[in-house]
Amino acid sequence: MTSRTLYLFGSAAPPVFDVAKVVEDAQRRGFDVCLGLTPTAASWLDESLDGLAALTGNPVRWEYKQPGEPDVWPKADVILVAPATFNTVNAWALGITRDFVVGVVAEGIGKGIPMVAMPCVNAAYVQHRRFERSVAELREMGVEVLFGEGGFVPNQPGSGKPNAYPWHLALDAAERIAERP
């Protein structure tokens, strides 16, 4: 029986294709998993969405619910945003909540929900000043951002290694902060 709820939020980067394995790993760690995706990530995984819902036991979400509709997920004990793309990281830091995933995590800061983010960006994106500023702002708001040494280290454009994405570090961090009193 699980006692902790993990919101696992993924953006459209190649590691999102491994999300079923990540869900299973999180479940082995004792999490009830609720999977949220950016609209593009949901379109990439379109043929797997029903299977992912069956695996998690919760509906997969990528859109805001309609006013008056009940919330179908339990409350989160921790939120993990991975892979977090350049767009997701910047939108979150700036509070631009067009997407469901970004809206939940932006509000989650104000609600005090513990959060971990692990970007998945190439080295060219990292050169954009907004990215480093966004990472710094998220950290200042209490988000544990696993970027650089001990987290995700960017590759050169076109040389991505999706199988090398350090999912275990993200889940380790989510597990650690979910255990805090």
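Tutor: Start with S134, which sits in helix α7 (residues 129-140). Helices here are DSSP runs of H or I, at least four residues, and strands are E runs of at least two, numbered from the N terminus. This is a predicted model: local features need pLDDT of at least 70, side-chain atom pairs count only at pLDDT 80 or more, and totals for chains, interfaces and linings use all residues. Residues are numbered from 1 along each chain as its sequence is written, and side-chain values use heavy atoms, leaving out hydrogens and water.

Student: Is S134 buried or exposed?

Tutor: Buried means under 20% relative accessible area, exposed over 50%, partly exposed in between (1.4 Å probe, protein chains only). S134 has 0%, so it is buried.

Student: Which residues is S134 in contact with, leaving aside neighbours within four places in sequence?

Tutor: Contact means heavy atoms within 4.5 Å. S134 touches V89, N90 and A93.

Student: Where does α8 pack?

Tutor: First, the general idea. An α-helix has 3.6 residues a turn, so residues three or four places apart point the same way. In α8, W167, A170, L171, A173, A174, I177 and A178 are buried. Down the α8 axis they fall within an arc of 160 degrees (directions from the axis to the C-beta atoms), so they line one face. The buried residues of α8 pack against β1 (4-10), α1 (19-28), β2 (31-37), β3 (78-84), β4 (115-119) and β5 (144-145).
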